Amino acid sequence: MAPTSEEAIYQVMHAAIAERRLPAGMRLVEDQLARLFCVSRARIRAVLQSLARERMVTLQKNRGAFVSYPSVAEAREVFQARRLLESALVREAARMAKLHGVERLREHLDRERAAVESNDRRVEIKLSGEFHLLIAELVGNATLSGYLAELIARSSLVIAIYEGAGAHDCWQMEHRRIVDALAEGDGEAAARLMEGHLAEAESRLSLSREPVASQIDFKAIFGI
């Protein structure tokens, strides 16, 4: 296998964490990753440092790197931040969601429905995050989109750790209601629906779960 660029490694690892294929609390061993991607430990270390800046990875002195394990307080902060940011974004998007924007969102909803019907949880997770980013794209503010992308990735970690057993996930229907409000240009309704959607996701968390150790097949996770 040819050496992989740092940016490519970063993207692969970021996606694996955001899509919950790498579990929170998992140790990321530099030697293993360096062999897997055919690069030096120094390049892997640089990637881990980049992920740490986005709080996706935690670097512990004399212990190494771990997929971040957000505390209960951090979990609540992440969802509060998302509610504040996304309610503002969706209000602005309602003013700018022209026909092509609504069409893109409805096409995305069709992909979400297909993932739910096929019981493909990994794709569901990926598409759910992309839905929120698509709304941010309608606003056209790259800085806010970047903040949101980081929050979505962190909230994915939170949900992976704290989601209650048997929690019913009705996110797809909630997404449809938000798109309907955007299509009508009703920013206040869209904001209320978005806040309710995120509050409902937080309410399904069971904020008392401990990390579970597991064996990880890195090759399978990264598709190598």
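**Strands and helix packing**

Reply: Happy to! Arg27 stands opposite Phe66 in strand 3. This is a predicted model, where local features need pLDDT of at least 70, side-chain atom pairs count only at pLDDT 80 or more, and totals for chains, interfaces and linings use all residues. Residues are numbered from 1 along each chain as its sequence is written, and side-chain values use heavy atoms, with hydrogens and water left out.

Me: Which way do strand 1 and strand 3 pair?

Reply: Strand 1 (residues 27-28) and strand 3 (residues 64-67) pair in the antiparallel sense over 2 bridges. Strands here are DSSP E runs of at least two residues, helices are H or I runs of at least four, and both are numbered from the N terminus. Two strands pair if DSSP finds at least two bridges between them.

Me: And how many bridges join strand 2 to strand 3?

Reply: There are 4 bridges between strand 2 (residues 57-60) and strand 3, and these strands run antiparallel. Thr58 stands opposite Phe66 in strand 3.

Me: What sits between strand 2 and strand 3?

Reply: They form a hairpin with 3 residues between them, and Asn62 in the turn has a positive phi of about 65 degrees.

Me: Switching to helices: at what angle do helix 4 and helix 9 pack?

Reply: Helix 4 (residues 72-96) and helix 9 (residues 187-203) pack at an angle of about 160 degrees, with their axes 8 Å apart. That makes helix 4 roughly antiparallel to helix 9. Axes are lines fitted to C-alpha atoms, for helices over the stretch in contact, and angles run from 0 to 180 degrees between N-to-C directions. Angles under 35 degrees count as roughly parallel, over 145 as roughly antiparallel, 65 to 115 as roughly perpendicular and the rest as oblique.

Me: How do helix 8 and helix 9 cross?

Reply: Their axes come within 8 Å and cross at roughly 165 degrees, so helix 8 and helix 9 are roughly antiparallel to each other. Among the residues in contact (heavy atoms within 4.5 Å), Trp171 and Ile178 are in helix 8, while Leu193 and Met194 are in helix 9.

Me: What about helix 6 and helix 8?

Reply: The axes of helix 6 (residues 121-139) and helix 8 (residues 171-183) come within 12 Å and cross at roughly 20 degrees. That makes helix 6 roughly parallel to helix 8. The contact includes Phe131 and Ile135 of helix 6, and Trp171 and Leu182 of helix 8.
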